[in-house]
Amino acid sequence: MKYDFDKIIERRNTHSEKWDGIYEKFGTNDLLPMWEADLDFFTAPCIKEAVTKRAEHAVYGYTIREDSFFESIINWQNRRNNWKIEKEWIRNSTGTIPAVSVAVNAFTKPGDKVIIQDPVYYRFFDSITLNGRHVVHNTMIYENGKYFIDFDDLKKQVDSRVKMLVLCNPQNPVGKVFTKEELIKLGEFCLENDIIIVSDEIYSDNIFSGHKHIPIASLSKELEMTTVTLFGPGKGFNLSGLKPTIITIANPKLREEYDFVSQAMQIMLKNTFSIEAIEAAYNCGEEWLDECNKYLEKNRDFMIEYIDNNVPGVKIIKPEGTYIAWLDFNNLGMTDKELEKFAIEKIKIGFKYGYTFGNGGSGFQRINFGCPQSMLLDGLQRIEKAVKNL
Ligand SMILES: Cc1ncc(COP(=O)(O)O)c(C=O)c1O
């Protein structure tokens, strides 16, 4: 490998939420943090160079986004996902979840309903409920270690107040990459019921062999006109702290509505370093990303084999993408509070607690395997030891 993903990087004292926020989060420093979803790797060298060069200029005033910025994004979607997007469709925001909140305010009214498919990224709930809308839980079916959309439940729950669906593809926390057939069926359901799709595709750069990321908006002109897509190099290139979220809205009417709320809240992207990082990631980061994904896939396979062979009673859902995995501790027969205590005091790993992901999350923990394999092994040995000592 050209890049060194085995290197242990000291991240303490860098304002890292994952490493410097351990005590605040778990009440102890004696933990291996595997909760927050960023990578314990350096980003691609060409991104570091671009950001460093800009930092050295030392005037960090207001910014514009030039043609080369938009071209890097358009080319990326075309090259990686075979989806042709246009400059006029592109918006930015100070993060993915702020964009979900803008969409909720732009396309629904207080009292309306928004569908999510839990267990799912917990911050979706706040974007919906704190803005006075209701969450419809289209909880996924968990069967033989796999997750599926519950289409019968969708049909039962839909009514005239349901205006939006927030899709998470690839899915956090279960690591599912939705198939073309699933996306077509879901898309048709949304078209039939006038439901706008907000598709969070923030993990779409981390896909494992045998799977393919398909932006739902790329499946038909109709879906392109009713979908808002959120993506960006934050997850894949480890740039989340720069808030490099990109939004595409093909439909001019939806764009106008989105822009109105975004402007009212004044949260358009103007971050100097984020602009440099996005352009560099998409123009010269591809080789690094492909190697990183190979490393992550090896970590995934290593982790599954280790858990299956050494940790009795704990099941792991095989991620098809992302760098997080969903661990099923239900066979240990603990309540969520007991499991939380067990994780902190006995396993000594900081996980993201399963119950925070909504329905279907009880008895699970989410682990981040985006780290050097030696660190992952340390984590797996901690789980093995604690479970065997029970
Ligand atoms: C599915 C998903 N969407 C959004 C985010 C957060 O994105 P941002 O930091 O850009 O708001 C995360 C972070 O883990 C995520 O997993």
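This is a predicted model: local features need pLDDT of at least 70, side-chain atom pairs count only at pLDDT 80 or more; totals for chains, interfaces and linings use all residues.
Local features were taken where pLDDT is at least 70 and side-chain atom pairs were counted only at pLDDT 80 or more, whereas totals for chains, interfaces and linings use all residues. Residues are numbered from 1 along each chain as its sequence is written.

The largest nonpolar core holds 106 residues. Such a core is a set of buried Ala, Val, Leu, Ile, Met, Phe, Trp, Tyr and Cys residues joined through C-beta atoms within 7 Å. A residue is buried if 20 or more other C-beta atoms lie within 10 Å of its own, exposed if 12 or fewer, and partly exposed in between, with C-beta atoms placed from the backbone. The members that touch the most others are A103, M164, V166, V198, A277 and A281. At least three residues of this core come from each of domain 1 (17-44 + 287-385) and domain 2 (59-284), the bounds being those of an automatic or database domain assignment. In soluble globular proteins, nonpolar side chains tend to be buried together. Apart from neighbours within four places in sequence, M164 is in contact (C-beta atoms, placed from the backbone, within 7 Å) with V104, F107, T108, V114, I195, I196 and V198.

Around the ligand there are 13 residues, of which A37, G95, T96, I97 and N172 come nearest; a residue counts as near if its C-beta atom, placed from the backbone, lies within 6 Å. This shell comprises 5 nonpolar, 6 polar and 2 charged residues. Here Ala, Val, Leu, Ile, Met, Phe, Trp, Tyr, Cys and Pro count as nonpolar, Asp, Glu, Lys and Arg as charged, and the others, Gly among them, as polar.

Strand 12 (residues 324-328) pairs with strand 15 (residues 364-368) over 5 bridges, and A325 is opposite I367. Strand 12 also pairs with strand 11 over 3 bridges, with I316 opposite L327. These two strands form a hairpin with 6 residues between them, and T322 in the turn has a positive phi of about 70 degrees.

Q157 belongs to helix 7 (residues 151-157), helices being DSSP H or I runs of at least four residues. Q157 is partly exposed because 14 other C-beta atoms lie within 10 Å.

Key. Two residues are in contact if their C-beta atoms, placed from the backbone, lie within 7 Å. Two strands pair if DSSP finds at least two bridges between them.
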